[in-house]
Amino acid sequence: MSNKSAAPAGCPCGGPSLAACCGPYIAGAAIPPTAETLMRSRYTAYGLRDERYLLATWHASTRPAEPIIGDEEKLQWLGLEVKSALRLRQRKAEVAPEASAQADPDRDTVEFVARFKVNGKAQRLHEISNFVREPAEGGPRWFYVDGSFPE
Ligand SMILES: [Zn+2]
């Protein structure tokens, strides 16, 4: 009874499908191996209104106490564009080569542009997110710490 002409639903983050992309991370079946995969899965979790996952992947030092997603808010995610995390690192390396040489493998940044609609109004979020990797149950995990907004 499936519609044969329907295109397979892609992952909200832009991946081929939820099951082959962010789904296993959000379900807890796998641990995001990089800061970028964590960032993508958090974007997808926002779209799915999965607050539990958002809180679980938020670093304890910056995790909000209040609900993240308001019940009243009609939030519709339109798309995600991840700027190359590598390019960002290279840019930083040009500015401060010494800092890059001492780069901490347990810290990473991901720059992205997320487009969404709040109550029908289109918005654009350009953020550089900071991530940290820490030992956790089941092995080291990446956590979202905070972000800065270049615009
Ligand atoms: Zn995805």
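**Exercise 1: A salt bridge and its surroundings**

Glu81 has a relative accessibility of 44% and therefore counts as partly exposed. This value, like the others below, comes from a predicted model.

Task: Determine which residue Glu81 meets in a salt bridge, and classify Lys83 as buried, partly exposed or exposed.

Solution. 
1. The side chain of Glu81 meets that of Lys83 in a salt bridge, with an N to O distance of 3.5 Å.
2. The cut-offs are under 20% for buried and over 50% for exposed, with partly exposed in between.
3. Lys83 has a relative accessible area of 22%, so Lys83 is partly exposed.

**Exercise 2: A pair with two classifications**

Task: Classify Arg52 and Asp50 by accessibility, and state how far apart their closest N and O atoms are.

Solution. 
1. The relative accessible area of Arg52 is 53%, and Arg52 is therefore exposed.
2. Asp50 reaches 17% relative accessibility and so counts as buried.
3. The two residues form a salt bridge in which the closest N and O atoms are 3.9 Å apart.
4. A salt bridge requires a distance within 4 Å, and a search of the whole structure finds four such bridges.

**Exercise 3: Linking parts of the chain**

Task: Explain why the salt bridge between Asp106 and Arg133 ties together separate parts of the sequence.

Solution. 
1. The side chains of Asp106 and Arg133 meet at 2.8 Å, N to O.
2. Asp106 lies in the loop between helix 5 (97–101) and strand 2, while Arg133 belongs to strand 3 (residues 121–134), so the pair joins parts that are 27 residues apart in sequence.
3. Asp106 is partly exposed at 31% relative accessibility, and Arg133 is partly exposed at 28%.

**Exercise 4: A buried glutamate**

Task: Locate Glu111, and name the residue whose side chain makes a polar contact with that of Glu111.

Solution. 
1. Glu111 is part of strand 2, which covers residues 107–118.
2. With a relative accessible area of 7%, Glu111 is buried.
3. Its side chain makes a polar contact of 2.7 Å with the side chain of His126.

**Exercise 5: Confidence in the model**

Task: Identify which elements have the lowest and the highest mean pLDDT.

Solution. 
1. The protein has a mean pLDDT of 86, and 81% of its residues reach 70 or more.

Methods: Residues numbered from 1 in each chain as written. Predicted model: local features only at pLDDT ≥ 70, side-chain atom pairs only at ≥ 80, totals over all residues. Heavy atoms only, no water. Helix = DSSP H or I, 4+ residues; strand = E, 2+ residues; numbered from the N terminus. Buried < 20%, exposed > 50% of the residue type's maximum accessible area, 1.4 Å probe, protein only. Polar contact = N/O pair within 3.5 Å; in protein donor to acceptor, adjacent residues only side chain to side chain. pLDDT = per-residue confidence, 0-100.
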